[in-house]
Amino acid sequence: MATLEIKDLHVSVVSEDAPKEILKGVDLTIKAGETHAIMGPNGSGKSTLSYAIAGHPKYTITSGTVTLDGEDVLEMSVDERARAGLFLAMQYPVEVPGVSMSNFLRTAATAVRGEAPNLRHWVKEVKGAMADLDIDPAFAERSVNEGFSGGEKKRHEILQLGLLQPKVAILDETDSGLDVDALRVVSEGVNRFKASGEVGVMLITHYTRILKYIEPDFVHVFANGRIVESGGRELADQLESEGYVKYTGTKEAAALS
Ligand SMILES: Nc1ncnc2c1ncn2[C@@H]1O[C@H](COP(=O)(O)OP(=O)(O)OP(=O)(O)O)[C@@H](O)[C@H]1O
């Protein structure tokens, strides 16, 4: 059973030639079967946490550890992290002109599974996964994310999640830009992924509405580069009504973005 363990993580980014510390000691453990919602004001470092775990080269780990089932994630290359079972659905999915979705998905599945999926089974698997997410089959031949609407990009992130079956999924604002129907479809996709009870989910969000569909076991408040409070679902409701002023001390930060 997978466990992602983050201990006292400090992360810097080089900004205007000088390194700037963004994460200032993050501690978080996500066990198989658990869903952790991360909420917090703009610029508090939530995406930095997800990029640092995924191995984005712009973010330098200055101290702390990240392990997956005891294995040192920070020592792994980006593709090794994916093969080890980590998945990041990005806030702003990248466009890859000239590479079709179907090619991209098969290549990703081959890399993660360690062998090319049987073509006939694979076609069936992809078709079924696309149908589950109400994705038009014509998207399979379009270039990855090119010209996709915000909501279409998010659906495709969840399509990848379903096909790659990681141990731990980090979903960075997967709900932003989704209309109510798409939010339900995407949430159902995440819940199907969770159904085995053997995977962990870190869900970064600004809105409690997604938490009505995807039930969190824990809610964490992120402020100024660290987790400042943790609780259950009720904490998200409290944040919705009170904002973040108690954590940041500024009125600007009080409004949920
Ligand atoms: N590559 C970068 N170069 C310079 N500054 C960066 C970089 N990445 C992040 N930062 C800064 O780090 C801080 C945290 O950013 P981050 O995107 O992690 O916040 P966030 O909590 O995800 O915000 P939001 O809720 O607005 O998405 C911000 O001040 C941001 O400007």
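User: Which element gives the largest share of the shell around the ligand?

Analyst: H1 does, with three residues. A residue is near a molecule if its C-beta atom, placed from the backbone, lies within 6 Å of it. Helices (H or I, at least four residues) and strands (E, at least two) are DSSP runs, numbered from the N terminus. Note that this is a predicted model, in which local features need pLDDT of at least 70 and side-chain atom pairs count only at pLDDT 80 or more, while totals for chains, interfaces and linings use all residues. Residues are numbered from 1 along each chain as its sequence is written.

User: Which residues surround the ligand?

Analyst: Val13, Ser15, Ile22, Gly40, Asn42, Gly43, Ser44, Gly45, Lys46, Ser47, Thr48 and Lys58. Strand S1 (3-15) and helix H1 (46-54) are the elements that give two or more residues to this shell. By class, the shell has two nonpolar, eight polar and two charged residues. Here Ala, Val, Leu, Ile, Met, Phe, Trp, Tyr, Cys and Pro count as nonpolar, Asp, Glu, Lys and Arg as charged, and the others, Gly among them, as polar.

User: Is H1 largely enclosed or open?

Analyst: A residue is buried if 20 or more other C-beta atoms lie within 10 Å of its own, exposed if 12 or fewer, and partly exposed in between, with C-beta atoms placed from the backbone. Eight of the nine residues of H1 are buried, so the helix is largely enclosed by the rest of the structure. The buried ones are Lys46, Ser47, Thr48, Leu49, Ser50, Tyr51, Ala52 and Ile53. Just after H1, Gly55 has a positive phi of about 95°.

User: What is the strand order in the open sheet of four strands?

Analyst: Strands of a sheet pair through backbone hydrogen bonds, either parallel or antiparallel. Two strands count as paired if DSSP finds at least two bridges between them. In this sheet the order is S2-S1-S4-S5, with antiparallel pairing. S2 and strand S5 (71-72) are the edge strands, each pairing on one side only.

User: How many bridges join S1 to S2?

Analyst: The antiparallel strands S1 and S2 are joined by 11 bridges. Val13 stands opposite Lys20 in S2, and Val14 has Pro19 as its bridge partner there. The S1-S2 hairpin has two residues between the strands, and Glu16 takes a positive phi near 45° in it. On the pairing with strand S4 (residues 59-68), S1 has eight bridges, again antiparallel; Ser12 stands opposite Thr60 in S4.

User: Which residues touch the most other members of the largest nonpolar core?

Analyst: A nonpolar core is a set of buried Ala, Val, Leu, Ile, Met, Phe, Trp, Tyr and Cys residues joined through C-beta atoms within 7 Å. Ala169 and Leu171 touch the most other members of this core of 60 residues. Strand S2 (residues 18-31) gives the most to the core, with five residues.

User: How many helices and strands are there in the protein?

Analyst: The protein has nine helices and 12 strands. Its radius of gyration, taken over C-alpha atoms, is compared with a globule rule of 2.2 Å times the number of residues to the power 0.38. The value is 18 Å, close to the 18 Å that the rule gives for 257 residues, so the protein is as compact as a globular protein of that length. Buried residues make up 37% of the 257 residues.
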